[in-house]
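Please work through each task before reading its solution.

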Amino acid sequence: MQVIDPHVHFWNLGQGNQPWLDHPSPNLLGDYTPMARDYGPEDLLVDAGDIELLGAVHIEADAVDPLAETHWLAGRIEEGRAPRLPSALVVGADLSRQDADEQLAAQCQASEKVRGVRQILNVHADPLYDYVGRHYMGEPTWCANFALLARYELSFDLQIYPSQMSQAARLAEYHPEVPIILNHAGMYVDRHHMTGWREWRDGLRRLAACDNVSLKLSGFGMLDHHWTVGSLRPLILEAIDAFGVDRSMFASNFPVDSLYASYPTIWKAYAEIVADASSSEVQALFVENARRIYRL
């Protein structure tokens with residue numbers, strides 16, 4: 001089984017760049033102590049087992065110093081210590097800062113593999129699920145700096161909750177020149193009532209109406225720690241129905257989702273769910289869309 005994995009994270013705890021891993025405190029992930037260890041490309045290849053990795057996209061891992069994270073990964077690649085991975089980098093940047101332009105320039109200069117930016121935007125009334133505590137998409141400075149992504153030919157990895165999808169769709173409409181990738185299938189978080197499902201379902205379609213938005217099917221374990229093929233199937237099929245095969249791609253979110261399943265288990269579950277798809281559709285979902293969207 002061949003895949004390009006467009007959502008993985010690497011870190012070296014000795015650098016002190018991920019303090020959230022130094023002293024794990026239970027959150028929406030549960031007890032994430034098992035992943036509080038160094039994790040690099042060589043570890044991913046071991047975890048992959050019988051899944052043949054054709055490439056992987058590193059997504060920023062909430063580093064205190066995002067530029068140092070990029071320099072670390074670029075150094076591993078240039079010195080040949082990273083075994084052909086990662087294939088591309090989605091780096092961190094704080095678009096709410098006045099120096100956002102300088103941040104983006106420095107990130108692009110740090111590595112030719114930089115393809116995009118992620119700044120986590122998740123806001124939720126429940127502190128367990130709230131990531132950032134502020135509505136960046138409503139801040140004038142942040143919105144003005146978002147336009148800089150087009151100048152640097154960068155995409156934006158969008159991590160939000162369904163309640164934020166309408167605002168995100170307006171952002172996408174206002175910046176059609178910026179490719180946007182919705183992370184983790186939109187993080188269907190409010191599962192205790194039907195209104196939560198409808199908000200997620202309708203929000204997906206609102207975003208899918210924007211031609212510059214694509215979808216990453218990943219991270220399901222973060223909100224369903226005991227997932228099964230049966231519990232994933234309606235989410236995945238609903239999301240693909242909204243975005244279409246040509247704008248959807250599967251990803252692992254490793255090592256975060258290693259808390260809930262092995263690497264081969266995740267990919268084989270995806271394959272089982274889309275077993276009725278044509279060979280070209282399968283190739284698009286598992287390989288070609290990631291290759292095209294991240295310009296590998």
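The model is predicted, so local features need pLDDT of at least 70 and side-chain atom pairs count only at pLDDT 80 or more, while totals for chains, interfaces and linings use all residues. Residues are numbered from 1 along each chain as its sequence is written, and side-chain values use heavy atoms, with hydrogens and water left out.

**Exercise 1. Overall form**

Compare the radius of gyration of the protein chain with that of a compact globule.

*Solution.* 
Step 1. The radius of gyration is taken over C-alpha atoms, and the globule rule is 2.2 Å times the number of residues to the power 0.38.
Step 2. For 296 residues the rule gives a value near 19 Å; the chain has 18 Å, which agrees.
Step 3. Along the principal axes, the C-alpha atoms fill a box of roughly 45 × 45 × 40 Å.
Step 4. Of the 296 residues, 56% are buried (under 20% relative accessible area, with a 1.4 Å probe and protein chains only).
Step 5. Among contacts (heavy atoms within 4.5 Å) with a separation of 6 or more, 79% join residues 24 or more positions apart.

**Exercise 2. The largest pocket**

Describe the volume and the lining of the largest pocket.

*Solution.* 
Step 1. On a 1 Å grid over the protein atoms alone, a pocket is an open set of points with protein on both sides within 12 Å along at least five of seven lines; a cavity is a set where a 1.4 Å probe fits but cannot get out; lining residues have an atom within 4 Å of a point.
Step 2. The largest pocket holds about 880 Å³ of space, a volume being the space filled by probe spheres set on the points.
Step 3. Its lining has 38 residues, and Glu60, Ala61, Asp62, Ile120 and Tyr131 lie nearest the centre.
Step 4. The elements giving two or more residues to this lining are α3 (66-78) and α4 (100-110), where helices are DSSP runs of H or I with at least four residues, numbered from the N terminus.

Terms used
Buried < 20%, exposed > 50% of the residue type's maximum accessible area, 1.4 Å probe, protein only.
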